[in-house]
Amino acid sequence: RLDRYINSVGKIAGINNHMGSYYTQDANKMRVLLARIKDRNLFFLDSHTIPNTVGKQIADELKLPCLVNNVFIDHIDTPEAIINEFSQLCYLARRRGYAIGIGHVQRKNTAKVFAEIIPELQREGYRFVHLSEIFKIKQKTKER
């Protein structure tokens, strides 16, 4: 099933589990899934949809490049809440050199806030990058 889904999307750099909290708690299942992802030279983004996910732990064990979501930008679908989550994302990015946020651009409030706040944040010096670039940023911050 994984191969079929990957092939249906086209060229990708990585995979994430936006859903699937139950699955990400099971070390044996995640070991099989992440080994297949590693075989395809992809990375894994653990959406961290549940506190006891083992995604990062198993990825590290398999030496699979892995990132973890830091902020759900729109889990409360109001403009005020989305702006507050962006503030948290910016705080983390300033502190660590990068941060990862997940949102749903098909939601009306999310799309509206993104359209307003992203240009403003870019003027302030924030960059919005593909996840694959985060690995390079992480490496640079380790070298400091």
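Me: Is phenylalanine 135 buried, partly exposed or exposed?
Reply: This is a predicted model, and the relative accessible area of phenylalanine 135 is 25%. Buried means under 20% and exposed means over 50%. The value of 25% therefore falls in between. Phenylalanine 135 is partly exposed.

Me: How many aromatic pairs does a search of the whole structure find?
Reply: Rings pair if their centres lie within 6.5 Å. Searching the whole structure on that basis gives a count of two.

Me: What kind of aromatic pair do phenylalanine 43 and phenylalanine 135 form?
Reply: Their centres are 5.3 Å apart, and the angle between the planes is 65°. Planes over 60 degrees apart count as edge-to-face. So the pair is edge-to-face.

Me: How many residues apart are phenylalanine 43 and phenylalanine 135?
Reply: Phenylalanine 43 is in strand E2, residues 43–46. Phenylalanine 135 is in helix H7, residues 131–143. The pair links distant parts of the chain, 92 residues apart.

Me: Why is the pair of phenylalanine 86 and phenylalanine 114 edge-to-face?
Reply: The ring centres are 5.2 Å apart. Over 60 degrees between planes counts as edge-to-face. The pair is edge-to-face because its planes stand at 75°.

Me: Which helices hold phenylalanine 86 and phenylalanine 114?
Reply: The two residues are 28 residues apart in sequence, and their pair ties those parts together. Phenylalanine 86 is in residues 79–96, and phenylalanine 114 is in residues 108–123. Those helices are H5 and H6.

Terms used: Residues are numbered from 1 along each chain as its sequence is written. This is a predicted model: local features need pLDDT of at least 70, side-chain atom pairs count only at pLDDT 80 or more; totals for chains, interfaces and linings use all residues. Side-chain values use heavy atoms; hydrogens and water are left out. Rings of Phe, Tyr and Trp (its six-membered ring) pair if their centres lie within 6.5 Å; planes under 30 degrees apart count as stacked, over 60 as edge-to-face and the rest as tilted. Helices (H or I, at least four residues) and strands (E, at least two) are DSSP runs, numbered from the N terminus. Buried means under 20% relative accessible area, exposed over 50%, partly exposed in between (1.4 Å probe, protein chains only).
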